[in-house]
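Please have a look at the structure before moving on.

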Amino acid sequence: MSNKEKYHTCENENRKAEVYKSKSAWLVECFEDGSNVHQTIFGTESKAELYADDWVLKNERTRISN
């Protein structure tokens, strides 16, 4: 995702999630122990934020749909 702008960072224990905005989507980059584990794209900021919070808190919610 080019030309992305960081909006938020969530951190807890050994996990971190960074939320970015591009022109048409929201990207969540997830890290564990300093390594990039995965990236997920969402259509709204609220879904991206919820996913980032769940990732760092290790919540086992039902999968969030894009």
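## Where the helix ends

Let us start at the end of the helix: α1 is followed by lysine 58, whose phi is positive, near 55 degrees. Lysine 58 takes this positive value although it is not a glycine. Its place is in the segment after α1, and lysine 58 is partly exposed, with a relative accessible area of 38%. Here buried means under 20% relative accessible area, exposed over 50%, and partly exposed in between, using a 1.4 Å probe and protein chains only.

Before going further, a word on the ground rules. This is a predicted model, in which local features need pLDDT of at least 70 and side-chain atom pairs count only at pLDDT 80 or more, while totals for chains, interfaces and linings use all residues. Residues are numbered from 1 along each chain as its sequence is written, and side-chain values use heavy atoms, with hydrogens and water left out.

## Overall layout

Of the 66 residues, 35% count as buried.

The protein exposes about 4,300 Å², and carbon and sulfur atoms supply 43% of that area; accessible areas come from the Shrake-Rupley method with a 1.4 Å probe, and for residues only the protein chains shown count as cover. Among contacts with a separation of 6 or more, 27% are between residues 24 or more positions apart, where contact means heavy atoms within 4.5 Å.

## The helix and the core

Helix α1 covers residues 45-57, 13 residues in total, and reaches 18 Å from its first C-alpha to its last, close to the 18 Å expected at 1.5 Å a residue. That expected span is 1.5 Å times one less than the number of residues. Which strands do the buried residues of α1 pack against? They pack against β1 (5-12), β2 (15-21), β3 (26-32) and β4 (35-42). The buried residues of α1 are Ala48, Glu49, Tyr51, Ala52, Asp54, Trp55 and Val56.

The largest nonpolar core has twelve residues, including Cys10, Val19, Trp26, Phe42 and Trp55. Such a core is a set of buried Ala, Val, Leu, Ile, Met, Phe, Trp, Tyr and Cys residues joined through side-chain atoms within 4.5 Å. β2, β3 and α1 each supply at least two residues of this core, and the largest share, five residues, comes from α1. Alanine 48 is in contact with Val19, Trp26, Val28 and Phe42, leaving aside neighbours within four places in sequence.

## Hairpin and loop

β3 and β4 run antiparallel and are joined by seven bridges; strands pair if DSSP finds at least two bridges between them. Glutamate 32 has serine 35 in β4 as its bridge partner. Two residues lie between the strands of this hairpin, and aspartate 33 in the turn has a positive phi of about 55 degrees.

Glutamate 13, in the loop between β1 and β2, also has a positive phi, near 50 degrees. Glutamate 13 is exposed, with a relative accessible area of 69%.

## A buried glutamate

Glutamate 29 lies in strand β3 and is buried, with a relative accessible area of 8%. A polar contact of 2.7 Å joins its side chain to that of lysine 4. Polar contacts are pairs of N or O atoms within 3.5 Å; within protein, one must be able to donate a hydrogen and the other to accept it, and residues adjacent in sequence count only if both atoms are side-chain atoms. Not counting residues up to four places away in sequence, glutamate 29 touches Lys4, Lys16, Ala17, Glu18, Tyr20, Asn36, His38 and Gln39.

How values were computed: Helices (H or I, at least four residues) and strands (E, at least two) are DSSP runs, numbered from the N terminus.
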